[in-house]
Amino acid sequence: RLRRQGAGAGSGKKRLCALADWTFGGGGEYCQACAQTCETCPQKLNAPQTLEGVQVWDLVGRLGGQMRITAAGSIIGWDMGAALALASALGINALAVAEFLPAIEAVMVKKLFEQMDQDHG
């Protein structure tokens with residue numbers, strides 16, 4: 001059950017945000033050289049542990065083409081209307097999407113900006 005207030009507020013976001021940090025920070029490319037998944041692999045350590053987390057993370061993987069981009073070409077996030085519509089079509093709990101996706105989006109945008117700075121810097 002999702003808890004949005006009190007002592008349990010924010011439950012689940014740390015793991016998903018750590019996974020987003022690793023994924024959007026180039027973790028997949030780093031691990032391509034491995035023949036197997038290491039026990040200390042961030043992707044394994046931070047894997048979602050709830051059905052809602054698994055579903056929202058799957059949704060993240062489907063949002064590649066649903067970006068909001070400024071006229072100057074900067075990525076500012078996902079199209080949340082499209083994300084919510086896709087989540088609904090997939091039968092994903094709307095509360096889970098509303099709770100987890102903005103936090104994952106913030107990490108994704110931060111990591112993409114960091115990569116752009118490295119590429120131009």
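Trp 57 touches Leu 16, Leu 19, Ala 20, Thr 23, Phe 24, Pro 48 and Ile 104, when residues up to four places away in sequence are not counted. The model that shows this is a predicted one. Six helices and two strands make up its secondary structure, in the order α-α-α-α-β-β-α-α from the N terminus.

**Nonpolar core**

- Trp 57 is among the residues with the most contacts inside the largest nonpolar core, together with Trp 78, Leu 101 and Ile 104; this core has 27 residues.
- Two or more residues of this core come from each of helix 1 (13-24), helix 4, strand 2 (75-78), helix 5 and helix 6.
- The most is given by helix 6, which supplies 10 residues to this core.

**Overall burial, surface and contacts**

- The protein has 121 residues, and buried residues make up 30% of them.
- Its accessible surface comes to about 7600 Å², and carbon and sulfur atoms hold 52% of that area.
- Of the contacts between residues at least 6 apart in sequence, 67% join residues at least 24 apart.

**Salt bridges**

- The structure contains six salt bridges, including those described below.
- Asp 58 and Arg 62 form one of them, with 2.7 Å between the closest N and O atoms. Both residues belong to helix 4 (residues 51-62), where they stand four residues apart, about one turn of the helix. Residues three or four places apart in an α-helix point the same way, because the helix has 3.6 residues a turn.
- Asp 58 counts as partly exposed because its relative accessibility is 37%. Arg 62 is likewise classed as partly exposed, at 45% relative accessibility.
- Glu 105 and Arg 68 meet through their side chains in a salt bridge of 3.6 Å, N to O. This pair links distant parts of the chain, with Glu 105 in helix 6 (residues 94-120) and Arg 68 in strand 1 (residues 67-69), 37 residues apart.
- Glu 105 is buried, its relative accessible area being 11%, whereas Arg 68 counts as partly exposed at 37% relative accessibility.
- The side chains of Lys 111 and Glu 114 form a salt bridge at 3.1 Å, N to O. Lys 111 and Glu 114 are three residues apart in helix 6, so about one helical turn separates them.
- Lys 111 counts as buried at 14% relative accessibility, while Glu 114, at 32%, counts as partly exposed. Salt bridges with shared partners join Asp 21, Lys 110, Lys 111 and Glu 114 into one network.

**Ends of helix 5**

- At the start of helix 5 (residues 80-90), a side-chain oxygen of Asp 79 comes to within 3.1 Å of the backbone nitrogen of Gly 81.
- Gly 91 follows helix 5 and has a positive phi, near 80 degrees.

**Loop between helices 3 and 4**

- Asn 46 lies in the loop between helix 3 (42-45) and helix 4.
- Asn 46 counts as buried because its relative accessibility is 18%, which is under the 20% cut-off for burial.
- Apart from neighbours within four places in sequence, Asn 46 is in contact with Arg 15, Ala 18 and Leu 19.

Notes. Residues numbered from 1 in each chain as written. Predicted model: local features only at pLDDT ≥ 70, side-chain atom pairs only at ≥ 80, totals over all residues. Heavy atoms only, no water. Polar contact = N/O pair within 3.5 Å; in protein donor to acceptor, adjacent residues only side chain to side chain. Salt bridge = Lys/Arg side-chain N within 4 Å of Asp/Glu carboxyl O. Buried < 20%, exposed > 50% of the residue type's maximum accessible area, 1.4 Å probe, protein only. Core = buried A, V, L, I, M, F, W, Y, C linked by side-chain atoms within 4.5 Å. Contact = heavy atoms within 4.5 Å. Areas by Shrake-Rupley, 256 points an atom, 1.4 Å probe, with all protein chains shown as cover.
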